[in-house]
Structures are given as C-alpha cells and as structure tokens.
Amino acid sequence: MKHRIRKRRLLKWVGLLTCALLSLAIILTRWGNIAWTSGNHWGFFQWGAVAFGYHNRVDDFRWDIEWNISSGPLFLWFEYQPGTPTTASCFIIPLWLPLAMIGFPTILAWRRERPLPPDHCQKCGYDLTGNVSGVCPECGEDIER
Ligand SMILES: [Zn+2]
C-alpha cells in the first residue's frame, strides 16, 4: 500500500517535471536551436519541435547550439522534409504531442489524489485498522482519532 502510494506520487512529480521541461523547450526553441550530428544521423530542437533525420555524409558526433533573436513559427504538426543529394532529410515531431501525452495523465493523476481514508495514516498511507498504540508503526506519526 505504502509502496504503491509512493510510486504514484513519484510518477505525478516526474510527469509534472517532464511537462515543465517540455513547455520550457517549446518556449526556448522559438529563439534558439540545439542540433546534434552523429554519423549520418542528425536531429534538432527548434521552433517547438524535435526532428530526426539523415545526412548523406558521415560526420563526427557534435552538438551545435545557436541562439537567434528572430523567432520562427512553431511547428504544430508532423512534417517530413525529404532530403536532396545536398541537404539532409528529417522528420519533425511537434513537442506539444509528448506534452499532451504526458500532461493529460499527469493532470488526471493530480486530480485523482484524494485524502486518504480516515483509518489510514495521513502521512504515509499505512492501513491503521485495529491500531491501538496511537502511533503509526510505519512512520511514527501520531494518529488523530
Ligand atoms: Zn504513517
């Protein structure tokens, strides 16, 4: 019981943190981009999206971070940009999609949290049915009855 509550609480916070980071990425990538290259794979975060693609040439691994003052339009949907013999191809995934996929269950998880039943420790969730000591055996909390 206690374990399951801890796990759910952790998932809620991890979900919230992931959503915060994705939102931050959507905002920040309007003005900057982070690109990486590894072999003939490459990708970037830019304009509210993450993209993955292929180069025709093979490069050493490297990161490129650029800040542009001019903001671009956000990518709002999937986009495939086919490569040519001189340019790279890429598949663009808008970041609001993982944000929605993680954000929706996170909101539900936060909403679902209700106060624990009165016969459970309000601090750790331990089932105190039949407890006579007045102290939670799991965490040592004084029990108000
Ligand atoms: Zn307790």
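Analyst: Two strands are taken as paired here if DSSP finds at least two bridges between them. The model is a predicted one, and what follows was computed from it.

Start with the strand list. The protein chain has two helices and four strands, and from the N terminus on, its elements run α-β-β-β-β-α. The four strands form an open sheet with antiparallel pairing, in the order β1-β2-β4-β3. At the edges stand β1 and β3 (79–81); each has a single partner strand, so one side of each has no neighbour in the sheet. On average, neighbouring strands of this sheet are turned by 20° against each other, direction ignored.

Next, the pairing of β1 with β2. Strand β1 covers residues 32–46 and strand β2 covers residues 49–67; they run antiparallel and are joined by 13 bridges. Two residues lie between these strands in their hairpin, where Trp47 takes a positive phi near 50°. Ala35 has Asp64 of β2 as its bridge partner, and Trp42 stands opposite Gly53 in β2.

On to the pairing of β2 with β4. Strand β4 (residues 89–94) also runs antiparallel to β2, and six bridges join the two. Val50 has Ile93 of β4 as its bridge partner, while Gly53 is bridged to Cys90 in β4. Gly53 therefore turns up in both pairings of β2: it is opposite Trp42 and is also the bridge partner of Cys90, in keeping with the strand order, where β1 and β3 are the edge strands.

Leaving aside neighbours within four places in sequence, Cys90 is in contact with Ala51, Phe52, Gly53 and Gln81. Cys90 also belongs to the largest nonpolar core, which has eleven residues: Leu22, Phe44, Trp47, Ala49, Val50, Ala51, Phe75, Cys90, Ile92, Leu95 and Leu99. The elements that give two or more residues to this core are β2 and β4, and β2 supplies the largest share, three residues. Trp47, the hairpin residue with the positive phi, is on the core list too. In soluble globular proteins, nonpolar side chains tend to be buried together.

Now the rest of the chain. Of its 145 residues, 14% count as buried. The domain assignment gives domain 1 (2–112) and domain 2 (118–145), and the centres of the two domains, taken over C-alpha atoms, are 44 Å apart. The C-alpha trace spans about 80 × 30 × 25 Å along its principal axes. For the chain with these two helices and four strands, the radius of gyration is 24 Å, well over the 15 Å that the globule rule gives for 145 residues, so the chain is more spread out than a compact globule. Among contacts between residues at least 6 apart in sequence, 51% join residues at least 24 apart.

Trp110 lies in helix α2 (residues 96–112). With 12 other C-beta atoms within 10 Å, Trp110 is exposed, because the limit for that class is 12 or fewer. Between Trp110 and His41 there are 69 residues in sequence and 38 Å in space, C-alpha to C-alpha.

Methods:
Residues are numbered from 1 along each chain as its sequence is written. This is a predicted model: local features need pLDDT of at least 70, side-chain atom pairs count only at pLDDT 80 or more; totals for chains, interfaces and linings use all residues. Domain bounds come from an automatic or database domain assignment. A residue is buried if 20 or more other C-beta atoms lie within 10 Å of its own, exposed if 12 or fewer, and partly exposed in between; C-beta atoms are placed from the backbone. Axes are lines fitted to C-alpha atoms, for helices over the stretch in contact, and angles run from 0 to 180 degrees between N-to-C directions. A nonpolar core is a set of buried Ala, Val, Leu, Ile, Met, Phe, Trp, Tyr and Cys residues joined through C-beta atoms within 7 Å. Two residues are in contact if their C-beta atoms, placed from the backbone, lie within 7 Å. The radius of gyration is taken over C-alpha atoms; the globule rule is 2.2 Å times the number of residues to the power 0.38.
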